[in-house]
Amino acid sequence: MQQDKTWGNRIFDILNHGLLLLIGIVTVIPFIYILAVSFTSPHEVAKGGFILFPKEFSLAAYRYIFSTDTLIRSLGVSIYITVIGTLLNLLFTSLMAYPLSRRYLRGRQPILLGVLFTMLFSGGMIPTYFVVKSLHLTDTLWSLMLPTAISAFNLIVLKNFFQAIPDELEDAAKIDGCNDVGVLFRIVLPLSMPAMATFSLFYAVAHWNSFFNAVIYINDSEKWPVQVWLREIVILAQSRIGDTSIEETEIQPLTIRMAVIVFSTIPIMLVYPFLQKHFAKGVMLGSVKG
């Protein structure tokens with residue numbers, strides 16, 4: 001039976017909850033500001049000031065960004081990169097993590113040391129660009145997925161997760177006629193759904209937010225993901241959407257920027273609640289064992 005809390009514990013709980021509530025409010029305010037400005041009329045935005053609720057509601061910014069198919073096309077590119085790239089990430093990471101989780105694998109330790117080495121040192125941007133160019137991946141969407149096919153950190157954690165699965169299950173599967181591939185896809189992966197869900201979200205968020213590789217490897221603006229267009233609008237003062245300059249419209253550039261931020265953030269926010277519950281279980285199981 002739980003003992004009654006002392007006054008000291010109650011005061012601590014009140015202060016703790018109050019501090020967390022304050023931090024939560026401070027964290028949410030920027031998102032409320034972005035959302036409010038995106039729905040505010042250009043005249044009110046031109047007056048300046050901090051806006052948390054639009055006095056003059058307007059959809060002008062959203063009508064503008066949807067006036068051409070540029071952002072819709074870039075959204076499709078981002079979705080394609082996120083879905084296909086995440087599937088490739090999970091496939092390649094699993095195919096490498098499983099054999100490394102088997103202690104009887106010869107040469108296992110040198111390979112693991114090589115993986116850890118990549119977490120500390122990399123070839124750099126220019127050598128990586130020449131590798132991508134020599135493989136004829138420039139100006140293709142594959143250049144945004146294959147160079148980041150495996151994350152060393154995720155590989156190590158997933159390897160530890162696989163290593164915690166009892167060897168008896170693998171032995172029983174092999175007695176029933178399964179080979180190593182069958183053991184992976186029929187036994188190991190079904191038992192690793194929490195970890196796979198966690199890493200799928202890690203990889204998906206990384207693909208969705210990535211823009212630097214697209215800036216380097218993609219020259220065709222029709223293949224730019226939505227984050228590159230967001231960068232063009234938010235960072236560059238003379239950015240363009242399609243063939244129309246922001247300065248040529250009566251809409252405030254700030255409302256355009258906020259509308260694009262909302263537009264690019266909503267898809268990944270819709271996915272997050274379905275996978276969030278797997279975070280603690282998936283990561284902790286793979287990080288404390290092995």
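What volume does the second largest pocket have? In this predicted model, the second largest pocket has a volume of about 240 Å³. Its lining is made up of 19 residues, and those closest to the pocket centre are L144, T148, A206, H207 and S210. Two or more lining residues are given to the second largest pocket by each of helix 4 (70–101), helix 10 (193–209) and helix 11. Helix 10 provides the largest share of this lining, with five residues. By class, the lining of the second largest pocket comprises 10 nonpolar and nine polar residues, and no charged residues.

For the largest pocket, a volume of about 610 Å³ was computed. A total of 24 residues line the largest pocket, and S122, T128, P147, T148 and I150 are the closest to its centre. The elements that contribute two or more residues to this lining are helix 5 (108–120), helix 6 (125–134) and helix 11 (212–217). Of these, helix 6 supplies the largest share of the lining, namely five residues. The lining of the largest pocket divides into 16 nonpolar and eight polar residues, with no charged residue.

The two linings may be considered together. T148 is listed among the residues closest to the centre of the largest pocket and also among those closest to the centre of the second largest pocket. Helix 11 likewise gives two or more residues to the lining of the largest pocket and two or more to that of the second largest pocket.

Notes
Residues are numbered from 1 along each chain as its sequence is written. This is a predicted model: local features need pLDDT of at least 70, side-chain atom pairs count only at pLDDT 80 or more; totals for chains, interfaces and linings use all residues. Side-chain values use heavy atoms; hydrogens and water are left out. On a 1 Å grid over the protein atoms alone, a cavity is a set of points where a 1.4 Å probe fits but cannot get out, and a pocket is an open set with protein on both sides within 12 Å along at least five of seven lines; lining residues have an atom within 4 Å of a point. Grid points are joined across faces, edges and corners, and a volume is the space filled by probe spheres set on the points. Helices (H or I, at least four residues) and strands (E, at least two) are DSSP runs, numbered from the N terminus. Ala, Val, Leu, Ile, Met, Phe, Trp, Tyr, Cys and Pro count as nonpolar, Asp, Glu, Lys and Arg as charged, and the others, Gly among them, as polar.
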